[in-house]
Amino acid sequence: MTLPLSTPPAAPETISRRGVLLAAAGLGAVGMAAAACSEQESAASKSTQIVLLPATDAVADFKLSIPAGAIDDLKTRLAMTRWPDKETVGDWSEGVPLEKMKALADYWRSTYDMHRLEERLNGFPQFRTQIDGLGIHFLHVKAKHPSAVPMIMTHGWPGSVVEFLKVLRPLTDPTAHGGKADEAFHVVAPSLPGFGFSDKPAERGWGLPRIATAWAVLMKRLGYGSYVAQGGDWGAGVTTWMAKQHVEGLKAIHLNLPILFPPPLQGEPTPEEKAALGQLVAFGDTGNAYARIQGTRPETLGFSLADTPVGQAAWIYEKLVTWADPKDAPGLSNDEMLDNIMVYWLTNSGASSARLYFESFTTDFSRQELDIPVAVTVFPGEAYKPPKVWGERTYSKLVYWNETGQGGHFAAFEQPDLFVAELRKSLARFR
Amino acid sequence: MDKLSCDSPLNAAEKRTEVPPTHNSRREFLRAAAASSGLAILSGECVSEAARASTDKVAELVLPPATKAVTPFKVRVPEAALDDLKRRLAMTRWPNKETVGDWSQGVPLQKAQMLVAYWRDKYDWRRFEARINAFPQYRTQIDGVGIHFIHVRSPQQNAMPIILTHGWPGSVVEFMEVIGPLSDPTRYGGSAEDAFHVVVPSLPGFAFSDKPVETGWEVNRIARAWATLMARLGYERWVAQGGDWGAGVTHALAHQRPRGLIAAHVNWQFVFPEKLPANPTPVERKAIDRATLFLNDQSGYFREQGTRPQTIGYPLADSAAGQALWIYEKFQSWTDNHGNPEDELSVDAMLDDISLYWFTDTAASSARIYWENTRAGMAGFSGGRIELPMAASVFPHEIFCPPKAWAEALWPNLFYWNEVDKGGHFAAFEQPKIFTEELRKAFRSRRG
C-alpha cells in the first residue's frame, strides 16, 4: 500500500510525512502544538489507512480492522466539507440534491456507527488469497448441509460484498430462514479486483475475462468441483464470462441483469421490445455519463473521489437511490448505504474501481450467447428490462425467467427475501 | 462512415438495430452524443478539534449584490480562503497510480502531485489578484443575474467595441494577455485603426458572475444578456468573439442579430453539415475523425456535466486537488503541446484559471452550462445557418477543425477565414499574439 499522503520528488522539503500530517491536522502553523502532539501524530501516520497484508497462494483469514486514525481522518474531512451551490431544479435531474447530500453527510459524521461495517463484515468468515498476482478478498460461508450447492456471487459498481450481507444466512442456512435443507448454498462472495479489500491492479488487463478466470481458480482452490455463479451489474458481466469460458465445474448461472445488449432483434420489434429499446436509448442519453467518465478518465475522476468523502459518497449515493426501485421508498437505509460507501472510502478505491470501466465497458461488457443453463430474474426497478424472448434468443439453455414485483438494480441489497427465493427456485436444483 | 457513433454497448445497440430512431438525424445524434478556515484549537485530540474549528470559519468569497448600475469591482479573496486551500492541498489523499504509461486514464499521478505541490508551495494568488485588478472590472445585474466583466476602453475614440466570451474550463484569465494589445494597439506594435474597446464578461455561474439559482441559462439567454450588456455600456455598433462555450454564445448572438451587432468571429466553428458527406475529402475526414475521437474518448466530462452537474459538483467543490486536475487534464488534451501542457501554458497561468474556479466554488455552477445546453439542444456541432457576417480563425490543435467549405455552406456572409499554424482550443491563452493579429485582420473590413 502506498502512503496516503505521498508527494512527488519535486518538493523534498515538503514531503516529510510528519510535516504533511501536521499540516493536515491544521496545526502546521503552531510549533508548540507540533511538539505536544508529535507522539499522537506519529501513531496516526501509521494508521489513517487500512493496510492489507500481502496475499499468498494460501487462503488466509481476514478481519476488517478500521484504524482509529482512519476514522479521525474521515471525521476531519467530513467536518471540513465545502459545498457547491444548490441545484437549480426540484428533483434529482442534476444529480444528488444539496439538501439530501448534506443530510447524508451529517448522518455519516454524527450518527453513523463508524464500526458498524467492521462488525457486520467480521460476522462472516473472510479470507484473502493471491490469484494471478492479485490478492482477492472474499466472504466464504459454508452451509451445514453436505449437499449444499456451492455458489460464487459477484457484486458490481458501485456495490460491494455489503450488498450480499443480508442474504448470506438465508442462503447458507435455509432451514432457519423459511427454506428447506435442499435449498442450501455454500456461498463465496469475492470483492472485485480494485474494489474493497481486494488488491488494486497495478497493470492493465483486469477486464471481465481475466476476472472470470480468477474466480474459477478461486472456486477450485476452495475445493469446489461443481458450482453455480450469480451476479448483477459487473457481477453479471463476470458471471457471463465464466459461462462463456466454460470454466471447469460451472454448472449454471443466475443473472439479475442479463447482458442482453445489444438486443437480439428479429424483425419488427414488439411493443415490449420497443419499451426495452427505449430504456437503452434513455440510459445512453442521460444515464451513463458516470460510465463514460470512468471508462475514459478514471484517474482524473479518481483524484477527487480519493480526496473527499462527501464527493465519493455523492458519486455512489446517486446510483444507490436512482437505480433502486422507486416504489420501495424509503428504500435502503442510510446505515446500509454508508456501509457500502465506507468500503469505497476506507480502501480509497474510487479510481481503481472506475478502472474496470476503462478495461471492460466497451469491450467485454457486451452481448454474449451462452450455452450452459442460465436463469434470469428481472427486478422491475432496474433501468433496463429486457423481454424474455431476448433471453431465449441468446441463451440456448434458458432454464428460468421470472419478473418479481419489487426490487431494482441492487436486488440482493434491496429485496433480500425475494432475491433468496429466486435463487432457491432457480439454482438450488443444480446439485 | 455515415454516422458518428459512441462505442458504448448501449449506443451501439441503438445503432445496429436502427430501432426507435430517436436520434436518426445527424444533428440530433450529435447533440445527444455530445450531451454529450484559521488556527486550530489546541487540545488532546489534535485532529478532530482542528476539524471542528474549521467548520466554524467558512472561507467563503462573498460577492456584493449587483444592481442595474455598472458597479466597479475588485477581486479580494480573504486570507482565510488562502489558508484553507493550503491546508486542503497539504492533506490531499491520492488515488493509486494509473495503470498506463501515458495520459489515457487522465492526469498521471506524478504530474498531478507536481502540480498540487507547486500550487501549495510556489503559486502566488496575490500576484494574480494584482494583475486582474489592474484591469477595470465591474458587475451589473442583467436578467436577474449579476454579471462580472472586464471593460477596457481604448484610447482611440473610434475603436470597435468587442465582446470576448470564454468557455469551460476557461475564464476571463484566457484573455488577459490580449486585452492590452487589442485595446491599445499602438503600445503593442499595432496601428491605431485596429483598436478595440474590449468587454470580457464571466459567464453566468463562472468566476465572479452570480450563480443562477433557476434553470434556463443556455447560450441563447446568455447571448441576450450580452446584447443587454453592450447596450448598457452605450455601444451601438459592435462585434462579438468566442471559443468553446464562448463560441456557443457567439453563434447564438449571430443568430439573434441583436441591435448593434455587425459581425462575429469564432475560434471554434460549429459548422458540421446536417448530413455528412458520403465521400469525405481528406480534410473532412480529419474533422469527422477528430469529432468522433472527442465523442468516443474525450467527452466523459461533457456527458457528466451535461447530465449530473450537481453530483460531480460535490467532489470538485470539496477537493482542491480534484478541481485542479479536472481542469488541468483539459490543458493537456486541448492545447498545442508536445505531451505536456507546460509546453504551451505556464504553470502559473494554468493555476490562475484553476484558482479562479476554486476560490469561487463554481465547479457545479459552471458544469450546469452543459446541462442547460444539452437540454436546450444547443450542445451539438452544427450551429445551423447564420446570416450575420462571420469570421473564423482555425487553430490547428482545436478539438476538430472544420473545412472552410462547411462554413461557406452555412454562413453565406463568411468574410474572413484563416487557418493559423500554432495553437489549440484555448487560442487567446495559448497564442495571444496570433489571436490578437487574427482579430485585427478579421475585423479590418468591418470598420468605418
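Helices α4 (residues 79-90) and α5 (residues 109-121) of chain B pack at an angle of about 145°, and their axes are 9 Å apart. Here axes are lines fitted to C-alpha atoms, for helices over the stretch in contact, and angles run from 0 to 180 degrees between N-to-C directions. This is a predicted model: local features need pLDDT of at least 70, side-chain atom pairs count only at pLDDT 80 or more, and totals for chains, interfaces and linings use all residues. Residues are numbered from 1 along each chain as its sequence is written, while chains are lettered from A and ligands numbered from 1 in the order in which they are written.

**Helix pair in chain B**
- The crossing of α4(B) and α5(B) is left-handed (the near helix is turned anticlockwise from the far one by less than a right angle).
- Lys86(B), Leu89(B) and Ala90(B) of α4(B) make the contact with Val116(B), Trp119(B) and Arg120(B) of α5(B) (contact: C-beta atoms, placed from the backbone, within 7 Å).

**Sheet and make-up of chain B**
- Chain B has 18 helices and nine strands (DSSP runs numbered from the N terminus: helices H or I, at least four residues; strands E, at least two).
- Nine strands form an open sheet with mixed pairing, in the order β1-β2-β3-β5-β4-β6-β7-β8-β9 (chain B).
- β1 (71-72) and β9 (414-419) of chain B are at the edges with a single partner strand each, so one side of each has no neighbour in the sheet.
- Strands β4 (residues 160-165) and β5 (residues 196-201) of chain B pair in the parallel sense over four bridges (pairing requires that DSSP finds at least two bridges).
- Pro161(B) has His197(B) in β5(B) as its bridge partner.
- Of the 448 residues in chain B, 58% are buried (20 or more other C-beta atoms within 10 Å of the residue's own, with C-beta atoms placed from the backbone).

**Helix α8 of chain A**
- α8(A) (residues 233-244) has twelve residues and reaches 17 Å from its first C-alpha to its last, close to the 16 Å expected (1.5 Å times one less than the number of residues).
- Eleven of the twelve residues of α8(A) are buried, including Trp234(A) and Trp241(A).
- The cover over these buried residues includes β4 (149-154), α7 (208-221) and α14 (350-360) of chain A.

**Confidence**
- The model scores ipTM 0.89 and pTM 0.89.
- Chain B averages a pLDDT of 89, and 87% of its residues score at least 70 (pLDDT is the predictor's confidence in each residue, from 0 to 100).
- Over residues 1-56 of chain B, pLDDT stays under 50.
- Where pLDDT is low, the predicted coordinates should not be read in detail.

Technical notes: Two residues are in contact if their C-beta atoms, placed from the backbone, lie within 7 Å.
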